[in-house]
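Biologist: I would like to learn how to read a model of a complex. Can we go through one together?

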Amino acid sequence: MLKIDHLSKHYGETLAVNDLDFEVKAGVVTGFLGPNGSGKSTTMRVIMGLDRPSSGRATINGQTYDQLKSPLREVGALLDAKALDPSRSARNHLRALALANRIPVSRVDEVLEFVGVASVANKKVGGFSLGMSQRLGIAGALLGDPGILLFDEPVNGLDPEGIRWIRDFFRSLAKEGRTVFVSSHLMSEMAVSADQIIVIGRGKFITSGTVDDLTANAVGTVLVRSNDPARLAEVLRAANATVEVLNDNGLNVGGLNSEQVGEAAFAAGIVVHELTPQRASLEDVFMTLTADSLEYGHKNLEANS
Amino acid sequence: MSTSPTLVDTTRAEFLKFRTVRATFIGLITLIVLTIGLAVLITLVIKANWSQRSPVERLAFDPVATSLVGVFFAQFAVGVLGARNITSEYASGAIRTTLAAVPRRVRLVVSKVIVLLVTFFVVGQVVVFCAFEIGQMIYRSGHLPSGTLSNSTDLRAVIMAGIYLTLLTLVGFGLGLILRTTSVTISIYVTLLLIIPIIVNFLPSSWQDHISKYLPSNLGQSMTSPSAISSHSFSWGTATIVLVIYTIVIVGIGTLLLTRRDA
């Protein structure tokens with residue numbers, strides 16, 4: 001089990017991770033979602049023992065990474081696919097990892113075959129495309145057949161076929177009872193590939209739950225069309241709703257449900273042509289949740305418009 | 001099967017990494033060419049000009065030192081190889097993969113030191129013995145004074161020349177651990193070996209007498225010469241001890257920093 005225990009990390013004055021505290025369960029794919037610069041990679045680096053936490057800790061089955069006797073047999077990680085010596089071949093890169101962790105060298109060819117880079121195993125990794133490097137990185141993560149797998153932005157650089165492959169692959173790893181922890185800044189990707197999602201922003205925990213949990217709790221909007229949108233907007237604003245006038249004269253209404261919007265229109269004698277509740281997408285939820293925590297938000301632009 | 005990995009396993013991994021990059025072979029060839037090639041070149045030149053030498057010059061002639069002069073050029077090749085063993089990992093980011101596989105950082109350093117120590121001890125001894133033997137062969141063919149390995153001071157000078165190269169490999173490695181970038185490490189290494197001696201030369205001679213014997217290049221001269229060079233230089237034994245201490249301190253500081261810093 002992977003446990004993040006009141007973890008904080010400073011880089012000089014910058015607080016990259018701020019008191020994160022959560023557990024990642026086995027048997028499901030857990031998405032680690034947050035905007036760029038929100039502390040996902042830092043958290044992953046601390047888990048891997050690469051960066052030292054300022055306070056708190058990350059433990060793997062109760063031990064910090066540097067206490068693990070044979071780390072690659074317990075945790076497999078793909079943090080940065082290009083972090084390889086470019087002049088070494090893919091096979092030799094994996095052989096060195098296998099030797100250092102007493103993993104049988106025969107396992108190297110198995111994982112190379114599995115990720116589909118066996119045909120270029122003797123080529124220098126410096127010439128690999130990002131997609132091929134990602135596959136090699138996945139091979140390295142699988143080398144020790146670990147129970148916990150970490151992937152930092154794994155779909156970057158993959159083609160659509162590769163993305164589909166990796167989604168199925170995460171699911172099958174989870175089905176085998178492994179802990180699969182995948183970071184992404186793309187909510188659409190997490191919506192289809194993760195069972196459980198942990199959302200962070202500016203290094204702080206925001207929320208967690210299943211995709212359905214996250215969208216269910218979010219308040220949707222109501223789309224309404226009428227014969228007099230200008231007057232209807234006035235009426236709804238008077239009822240404390242937020243109203244956005246769409247280009248086609250439809251109104252996007254927040255703060256009221258569809259019954260309330262319909263009743264308000266009826267009371268004012270306005271004919272309603274369409275009345276549709278809009279369910280919040282995970283993307284909307286994510287934008288709402290992280291709006292305050294974006295390092296470079298668009299808030300000021302919106303306020304001026 | 002699930003026995004935990006030991007120092008032997010990490011050392012095997014480091015040795016595999018060391019011998020599977022082309023830079024290692026380019027560096028080793030440079031080392032061989034500089035040490036043996038310069039021995040051939042210099043001894044041939046001396047042989048050709050022997051007849052024009054004055055009796056005083058002939059008396060000052062040192063057949064051992066002249067055949068080992070390439071060592072003081074090869075010292076740059078070994079320093080770069082030692083430094084690159086760690087700085088190239090920082091340059092590519094591979095250090096993070098390495099530390100994920102071997103999170104015990106002291107053990108990682110020990111493995112790297114073993115690989116460098118063993119390889120450069122063997123290669124160092126081979127090249128200095130070849131340089132010496134080829135040089136003496138050339139001298140003998142011109143009926144010049146020559147040295148022999150059956151003479152214990154000559155033998156010692158040759159062995160110490162190889163050890164000097166081995167220690168400087170580790171000095172380069174230690175500086176690389178501390179400085180982490182190849183270019184900065186090599187600049188500092190060259191400064192220590194070439195620039196600081198020049199600066200010391202401008203100091204008052206009473207200062208020089210106290211300082212210059214501590215310079216790495218002068219330690220090398222002391223280690224490889226049959227007898228003490230002057231009253232202000234160390235004996236070969238003391239010089240070796242001083243250089244060993246330098247090496248331990250530099251690698252030690254580098255190891256301490258590695259265990260403290262984020263990767």
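Biologist: What pLDDT does chain B average?

Modeller: pLDDT is the predictor's confidence in each residue, from 0 to 100. Where it is low, the predicted coordinates should not be read in detail. Chain B averages 94, and 99% of its residues score at least 70. For the complex, the predictor gives an ipTM of 0.91 and a pTM of 0.87.

Biologist: How is chain A divided into domains?

Modeller: Domain bounds come from an automatic or database domain assignment. Here they give domain 1 (2-216) and domain 2 (221-279). Their centres, taken over C-alpha atoms, are separated by 46 Å. The C-alpha trace of chain A spans about 80 × 40 × 35 Å along its principal axes.

Biologist: Why do 25 residues of α12(B) fit a span of 36 Å?

Modeller: Helices are DSSP runs of H or I, at least four residues, numbered from the N terminus. The expected span is 1.5 Å times one less than the number of residues. For α12 (residues 236-260) of chain B that gives 36 Å, and the end C-alpha atoms are 36 Å apart, so the two agree.

Biologist: Which residues of that helix are buried?

Modeller: Buried means 20 or more other C-beta atoms within 10 Å of the residue's own, with C-beta atoms placed from the backbone. In α12(B), the buried residues include B:Trp236, B:Leu243, B:Ile250 and B:Val251. Their cover includes α7 (105-141), α8 (152-179) and α11 (216-224) of chain B.

Biologist: Which residues touch the most other members of the largest nonpolar core?

Modeller: Such a core joins buried Ala, Val, Leu, Ile, Met, Phe, Trp, Tyr and Cys residues through C-beta atoms within 7 Å. The largest has 131 residues; A:Leu94, A:Ala139, A:Leu143, B:Leu68 and B:Tyr164 touch the most other members. α8(B) gives this core the most, with 15 residues.

Conventions:
Residues are numbered from 1 along each chain as its sequence is written. Chains are lettered from A and ligands numbered from 1 in the order in which they are written. This is a predicted model: local features need pLDDT of at least 70, side-chain atom pairs count only at pLDDT 80 or more; totals for chains, interfaces and linings use all residues. Helices (H or I, at least four residues) and strands (E, at least two) are DSSP runs, numbered from the N terminus. A residue is buried if 20 or more other C-beta atoms lie within 10 Å of its own, exposed if 12 or fewer, and partly exposed in between; C-beta atoms are placed from the backbone. Two residues are in contact if their C-beta atoms, placed from the backbone, lie within 7 Å.
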